[in-house]
Amino acid sequence: MSSWNAMSYEGKDTILRVVQQEAEQFFALVDDDGVWERPTGAGHWQVRDVVGHLVDTTEAYFVAFDAARSHSAVDPAYGLPGMAARVDSRAQSFRDQPRPAMVERLRGDFDKVMETFQALTEDDWSNLSVPHFYMGPLPAFFYPAFQLMDYGVHSWDVRQGSGRAHGLSGEAADLLTPFMFVLWKYTVAGDPQSCDLGIRITSGPNAGDTLVTVGPGGMDYRPGDVSGAAAVIEFDPGSFVLTAFGRSNAGTLRGDRGVADRYLNLFFRI
């Protein structure tokens, strides 16, 4: 279903609709003094730190798209291994700012970045190379997906801090499923031991089987038959996204537990 594959231009309208939906829910969750310093599911962050993180992240996208359009030189990518520490520091740097000002700033940033995304042409979607601060040049379609990660997963984080039972939006999880393999590929820690297994997504428009191979050169993946794999891990889309982001330990393990355990512990968190 190409409209649910945000790596293709056919998925543009779908992902922008779902990003808008997730952002509106996020603003409704955080725009309240009663929750501003409440804990979240994002480690030690409070709600105000999540908002600070989204301000920092979104405003970096403006710089990136300006550089892409003007063909300006940019500094080399910072790299993902140091991302978590830098993101943490920058998110907390806004703690002295009042809630109304921060929420208003983020709303303005969100409107501006959505205008940027709406203006992307079919050629831009795949062929405009936009320099990500941490990852380096990426096709433009990654940036709406990053905003969906931000507003979808961080809405889950805010709800997690409430202590109430909840879940991840199905539409957000469906759209993010293909991107979780990319996340895993680029967050393999160190020099991993060889490991081959299957990942099965059990529902949604991006359901299917993926063969994953890990070795000294890192991780690769491709759609394929997993019936001969030493281990298969089954996920629904929401559990897959939350596991890939380190929010939960989920999935149904079939086959060699040792292989599955080794794989699931390969990754550093961002």
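Visitor: Are Y61 and Y143 buried or exposed?
Guide: Both Y61 and Y143 are buried. Buried stands for under 20% relative accessible area, exposed for over 50% and partly exposed for what lies in between, with a 1.4 Å probe and protein chains only. This is a predicted model, in which local features need pLDDT of at least 70 and side-chain atom pairs count only at pLDDT 80 or more, while totals for chains, interfaces and linings use all residues. Residues are numbered from 1 along each chain as its sequence is written, and side-chain values use heavy atoms, with hydrogens and water left out.

Visitor: How many aromatic pairs are there by the rule?
Guide: The rule takes rings of Phe, Tyr and Trp (its six-membered ring) with centres within 6.5 Å; planes under 30 degrees apart are stacked, over 60 edge-to-face and the rest tilted. The count comes to 27 aromatic pairs. Y61 and Y143 form one of them, with 5.1 Å centre to centre and 90° between the planes. The distance is within 6.5 Å and the angle over 60 degrees, so the pair is called edge-to-face.

Visitor: What does the pair of Y61 and Y143 tie together?
Guide: Y61 lies in helix α2 (residues 47-70) and Y143 in helix α6 (residues 142-161), so the pair ties together parts 82 residues apart in sequence. Helices (H or I, at least four residues) and strands (E, at least two) are DSSP runs, numbered from the N terminus.

Visitor: What makes the aromatic pair of F141 and F142 stacked?
Guide: The ring centres are 4.9 Å apart and the planes 20°. The angle is under 30 degrees, so the pair counts as stacked. F141 has a relative accessible area of 8% and F142 has 10%; both values are under 20%, so F141 and F142 are buried.

Visitor: Which residues do ring pairs link into a cluster?
Guide: The cluster holds Y61, F65, F117, F141, F142, Y143, F146 and F179.

Visitor: What sits over the ring of F62?
Guide: The charged end of K112, 4.3 Å from the ring centre. The test is NZ of Lys or CZ of Arg within 6 Å of the ring centre and within 35 degrees of the ring normal. The charged end of R86 likewise sits over the ring of Y78, 5.5 Å from its centre.

Visitor: Why does A6 count as buried?
Guide: The relative accessibility of A6 is 1%, which is under 20%, so A6 is buried. A6 is found in the segment before α1. The C-alpha atoms of A6 and L175 are separated by 6.6 Å, although the residues are 169 apart along the chain.

Visitor: Why is strand β6 largely enclosed by the rest of the structure?
Guide: Five of the five residues of β6 (residues 231-235) are buried, so the strand is largely enclosed. A231, I233 and F235 point one way from β6, and V232 and E234 the other way. In a regular strand the side chains alternate between the two faces of the sheet.

Visitor: Which strands do bridges join to β6?
Guide: Two strands pair if DSSP finds at least two bridges between them. Strand β3 (residues 195-201) runs parallel to β6 and has four bridges to it, so the two pair. Four bridges also join β6 to strand β7 (residues 252-255), which is antiparallel. R200 stands opposite E234, and I233 stands opposite L253 in β7.

Visitor: Is H71 buried or exposed?
Guide: H71 has 72% relative accessibility, which is over 50%, so H71 is exposed. H71 lies in the loop between α2 and α3, and its phi is near 60°, a positive value in a residue other than glycine. Most residues other than glycine have a negative phi.
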